[in-house]
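Please read it alongside the sequence and coordinates.

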Amino acid sequence: MGLRTPLHDVHAAAGARMVDFGGWDMPVNYGSQIEEHHAVRRDAGMFDVSHMCVVDLRGARVRDYLRRLLANDVAKLTEPGKALYSCMLREDGGVIDDLIVYYLDDQWYRMVVNAGTRDKDLEWLRTHAAGFEVSVEPRFDLAMIAVQGPTARERAATLLDPGFAARALELGYFFGAAADHWFVARTGYTGEDGWEIMLPADRATDFWARLRGAGVRPCGLGARDTLRLEAGMNLYGNDMDESTSPLESGLGWTIAWDPQDRDFIGRAALAAQKAHGVARKLVGLVLTDRAVLRSHQKVIVPAVGEGEVTSGTFSPTLERSIGLARVPSQTADRCEVEIRGRLLHAAVVRPPFVRHGKIAVAL
Amino acid sequence: MSNVPADLRFLKSHEWARLEADGTITVGISDHAQQALGDLVFVEAPEAGRRISAGEGCAVVESVKAASDVYSPVSGEVVAGNADLGGQPELINQDPYGAGWIMRIRPDDKAQFAALLDAKAYEAALAAETH
């Protein structure tokens, strides 16, 4: 038996199919995964993401600490509540994790890291905190529910305290707001509008039930994966890990090279990789033949070389298979994928595949 | 709980088989199998005329989660593959023992059918798998 979120029994009672995910017992679907997917694209769905780890970082020098630790630059965050997506790197440029960090005040940042990497992340954060006198506090007392979809915010807002709801509805993209022990952020992992809501763990069951009553459909990790892949978002452990750099993972945009004297961990390795030329890149694939892309399938780029599918699925919105693949940098707009002993054709595209309910690639 | 009709025979690998009045055998995947796979998105059924052996992977069902071979319960000749599944793979989710049938086979030896698991034995196999 794995780790359980505060909502575990609610999922089981709802008939969810449970699977192990990074050591956690999590719902993969409650019924039809495809219907859950469409609920988020067209209306409103919710995900229990309490397995993800919220970490509060506090101290007079917390900003300097994060400017050393993250490849993106928290100095970009000047308004309280503003969020930033970043990789945390090893010295050799390998990705330890990808995360979101919120600027709450000059002495307080909040980070959300992946479930499967939690322990090594906390160890890394603590190891480097000493020199900056920063406290690293994982918030195991919080649950997290992501409500996503075009009507998700308005449905969820009816359940918040009216004053807090008004503030939350005014949040711009990638902003969050706190009230008591609650925190609402206009972020997500689906390519749709919505909120990620952190709340006291002992309130999670009640709030989940009220969201259901407000017409928000429970969705499992299965739909979460097809939604994030359609949105062109990487999954740590599939699309990047400690053996790959952000430059090889479609995450070059998250590296803040300026100012040039900011010495973040991994900078020298990334600069060297860039100077020598990055050999591989992460691209989107749309399979033109009828089959489904899956991670680790071999990609063949005629006259160029070989690569590998890192994530693949059936896209309910495109009604064909899509994926992400790491391929030689010279790859143009076509490749072949070896699936069950056959070479099938795929178009190489630039993600996202779907954005705000609309297909975003040429088919 | 999954539905296991008493009048069908089964393989441990979750195929079902039904002996038809004309002596052919209809094959599909069980309710348990479709639940475990999740939403089906592609099905490759075999073409009529193909010779197959018992235990041979002769169809592929692919869901949002995984691809899975469908093994033939008997040796014989494929009489028909279910063409409807090409456009509507979800028929397997909706009606695994009816409209979601995958192929029909004319068996070389009917004794092979008789030797398959009956519903009780399949239910026992399911119970053993989940505990």
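## A buried strand and its hairpin

A residue is called buried here if 20 or more other C-beta atoms lie within 10 Å of its own, the C-beta atoms being placed from the backbone. The model is a predicted one. By that criterion, strand β5 of chain A, residues 83-89, is mostly covered, with six of its seven residues buried.

Strand β5(A) pairs with strand β6 of chain A, residues 95-105, through seven bridges, and the two run antiparallel. Within this pairing, Met88(A) has Asp97(A) in β6(A) as its bridge partner. The hairpin formed by β5(A) and β6(A) has five residues between the strands, and Gly93(A) in this hairpin takes a positive phi near 90°.

## Overall dimensions of the chains

Chain A contains nine helices and 21 strands. A compact globule of 363 residues would have a radius of gyration near 21 Å, and the 20 Å of chain A agrees with this. The C-alpha trace of chain A spans about 60 × 50 × 40 Å along its principal axes. Of the 363 residues in chain A, 45% are buried. When contacts in chain A between residues at least 6 apart in sequence are considered, 68% join residues at least 24 apart.

Chain B has five helices and nine strands. Read from the N terminus, the elements of chain B follow the order β-β-β-α-β-β-β-β-β-α-α-β-α-α. The radius of gyration of chain B is 14 Å, close to the 14 Å from the globule rule for 131 residues, so chain B is as compact as a globular protein of that length. A box of roughly 35 × 35 × 25 Å, taken along the principal axes, is filled by the C-alpha atoms of chain B. Buried residues account for 44% of the 131 residues of chain B. For contacts in chain B between residues at least 6 apart in sequence, 64% join residues at least 24 apart.

## The barrel in chain A

Six strands of chain A close into a barrel, in the order β14-β17-β16-β15-β18-β19, with antiparallel pairing. From one strand to the next, the twist averages 40°. Helix α8 of chain A, residues 221-230, packs on the sheet and touches β16 (305-315) and β17 (320-328) of chain A. The direction of α8(A) makes about 125° with that of β16(A).

Val337(A) stands opposite Leu344(A) of β19(A). The loop between β18 and β19 of chain A holds Arg340(A), whose phi is positive, near 50°, although this residue is not a glycine. Arg340(A) counts as partly exposed because it has 13 C-beta neighbours inside 10 Å.

Helix α8(A) is mostly covered, as nine of its 10 residues are buried. Among the buried residues of α8(A) are Leu221(A), Leu227(A) and Leu229(A), and also Arg224(A), Asp225(A) and Glu230(A). Gly232(A) follows α8(A) and has a positive phi near 75°.

The contact between the chains takes 11 residues from chain A and eight residues from chain B. On the side of chain A that touches chain B, the elements that give two or more residues are α2 (33-42), α8 and β16 of chain A. This side of chain A has four nonpolar, six polar and one charged residues.

## Backbone exceptions

Most residues other than glycine have a negative phi, and most peptide bonds are trans. Glu133(A), which is not a glycine, has a positive phi of about 55°. Glu133(A) is placed in the loop between α4 (118-129) and β8 (135-138) of chain A. Is Glu133(A) buried or exposed? Glu133(A) counts as exposed because 12 C-beta neighbours lie inside 10 Å, and the limit for exposed is 12 or fewer.

The bond from Asp258(A) to Pro259(A) is cis, with omega near 0°, and Pro259(A) is in the loop between α8 and α9 (267-276) of chain A. The bond from Pro351(A) to Pro352(A) is also cis, with omega near 5°. Pro352(A) is placed in the loop between β19 and β20 (354-355) of chain A.

Terms used. Residues numbered from 1 in each chain as written. Chains lettered and ligands numbered in written order. Predicted model: local features only at pLDDT ≥ 70, side-chain atom pairs only at ≥ 80, totals over all residues. Pairing = 2+ DSSP bridges. Helix = DSSP H or I, 4+ residues; strand = E, 2+ residues; numbered from the N terminus. Axes fitted to C-alpha atoms, helices over the stretch in contact; angles between N-to-C directions. Contact = placed C-beta atoms within 7 Å. Nonpolar A, V, L, I, M, F, W, Y, C, P; charged D, E, K, R; others polar. Rg over C-alpha atoms; globule rule 2.2 N^0.38 Å.
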